[in-house]
Every structure is written in C-alpha cells, then in structure tokens.
Amino acid sequence: MTNKTNLPAIPQVLDPRLLGRPVHLLPQFAAQFAEDLAAALRQPALRRYWDGFQLQASSFVGPPDTSQSGRWLGFGGGAGGIAFALERSLLLSVLNQRYGRRGAAPAPPVDPATVRVTATEERLAIVLGQQFASVLSKRVDANLARAHNEPNAASTELVPGSVPPAPPSADGWTLGITLRQAQSGECGQLWLALDQDMVARVLLGLAPERAREHAPARATVALGTALQVTLEGRLVSKEITLEALFALKLGDIIPVTVGRADVLLADSRLFTAAVTEHNGTLCLTSFEDSD
C-alpha cells in the first residue's frame, strides 16, 4: 500500500528578460548560425583546423559545467562580447590533426587530465575561439543589416581579451555546438556565451517587421517627454474637532494659513511648492523634492 500525497504545483516564474522580446525566434537564429558555420568549416581558413569534423548540432543551451568547458576566453567589440570555451578533448583532437604527422595513423584517444597544457594549445584555443565568434558576429550583423535595409553595413570586429573571460551566468544565453570527427566518430562540444548587448542585437535582428518599424521611434523619444501623468496640488489642510464641524453654519469663516502646498501623484507626495497668484489665478512654483 502506498500513500499518495498531492503536492501543490510549482508556479512558473516569469522571466522579465522575455517580456516583449522575440525569444521564440531564437531557434531560427541558431539554425541560421548552423548554416553559416557549416559553410565556414568548408572554407580554407577553417578547414585547415577542422578538416574531418562535421557539425552535428547548434542550439541555445544552459551554461555548461565548468569542469566540462574548462577555461573561457573573451572576445569583444563595440557592439557586445562573446565568451568561448570548448572541451579539452576536442581541442587536443584539433591540435593533433593540425600539427600531427601527415599520413600517420590516428593517435589513440588521450585523457585530457594526463596531458599538460602547453602554450601552443592556448594559442590554438584563441584562434579557434576567434573563428567561431567571428561567424556568430557576422550572422548578427547580417540580420541587423537586413532588418534596417543596410546591405553594406560593416561587420563588428571582435578582439581577443577585450571582455573578461568569465563563464556565463545561470541566466545567460549560450549557444552549444556539437562537432563530430568523421574518422573516429567521437563528438566534442564547444560553447559561445553572449553578453546582454550581443543578445539585444540578436533579438533586434529577429524582431518582426512591425516591431522594427516602431523600435527607432521608441528609442529616440525619452520616457519623460512621452509619459503623461496627473499631478494634484493640495493647497491647505486643517484639523478641527467633530464638535466644531457640526457647529458650522452658513457664512462661517474657517481661518487657515496657506503655506507650501503638497504636490501629489496618485496620493503619493512628490514635491512641495509655493502658492502664488498670477492674473487672478493661483499657481504653484518653487518646487522642492518631498522628504
């Protein structure tokens, strides 16, 4: 006999980063990047390193475990930054293929934990990171150029080390790429983590046409000049007893002293102001922030 306990459903927390942003189109961007990367891997500049590797998958994933990703490298420009990391076993495979003996039998798999990190390996990681970050940045620029009808827009140049080489946060945006070595069949992973500036550019390039048409107008109008609010001026207040209130008769005068008035927004006092008269109209002036 088993006891069943009805547990309350866990409410889903609304992520404010998703409000009003076309995040549902991110798989479309990942597919675009996969096409660009597959084409780039066939070009001589990348084929000399990635010959024999095939692109298996490209998608937005959660941040990898630091024990899996190893050291992160930072690449940045004026439009945002990208962090790059790859499995060390994948890096060693590329290293062996690039600098190994031509025509020799494939080297047996090695345990990365038993191999000392060399300066050549570190330099190669920077080269590979810049290759992948450049492909990603060019896709972002291409989408933005198409969105704003600027086919000749220049690409953003990414500089190694220009952003801190920190692993992505738990709420970050990370592209995970899986590569397969055709000869051995082994798969390796690498990651590209986008900072918030780069994410904003990705989403702006993916925004529907209607949203893009209105985006420049919203960006050029300051919030303070477009948002209208109603302010109320409380000129005077006076406390009297309930007995005196009931004793009032028509024509009675309640003596008051007009000092500084309270300026309220939805019953919240924002300022105090001096009360003046201009052409028979009471006006508020000399505003001061309310304590």
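Which helices and strands each supply at least two residues of the lining of the second largest pocket? The answer is α3 (66–69), β3 (80–86), α4 (88–99) and α5 (119–147), where helices (H or I, at least four residues) and strands (E, at least two) are DSSP runs numbered from the N terminus.

Before going on, please keep in mind that this is a predicted model, in which local features need pLDDT of at least 70 and side-chain atom pairs count only at pLDDT 80 or more, while totals for chains, interfaces and linings use all residues. Residues are numbered from 1 along each chain as its sequence is written, and side-chain values use heavy atoms, with hydrogens and water left out.

Let me stay with the pocket, which has a volume of about 300 Å³. A pocket here is an open set of points, on a 1 Å grid over the protein atoms alone and for a 1.4 Å probe, with protein on both sides within 12 Å along at least five of seven lines, and lining residues have an atom within 4 Å of a point. The lining consists of 17 residues, and Gly70, Arg71, Leu86, Arg88 and Glu121 lie nearest the centre. By class, seven of the lining residues are nonpolar, five are polar and five are charged, with Gly counted as polar and Asp, Glu, Lys and Arg as charged.

Glu121 counts as buried because its relative accessibility is 4%, where buried means under 20% relative accessible area, exposed over 50% and partly exposed in between, with a 1.4 Å probe and protein chains only.

Now to α4 itself, in which Leu90, Leu91, Leu92, Val94, Leu95 and Arg98 are buried. These buried residues pack against α2 (44–50), β1 (53–61), β3, α5, β5 (173–181) and β6 (187–194), contact being heavy atoms within 4.5 Å.

Asp141, at 7% relative accessibility, counts as buried, whereas Arg201 is partly exposed at 22%.

Methods
Grid points are joined across faces, edges and corners, and a volume is the space filled by probe spheres set on the points.
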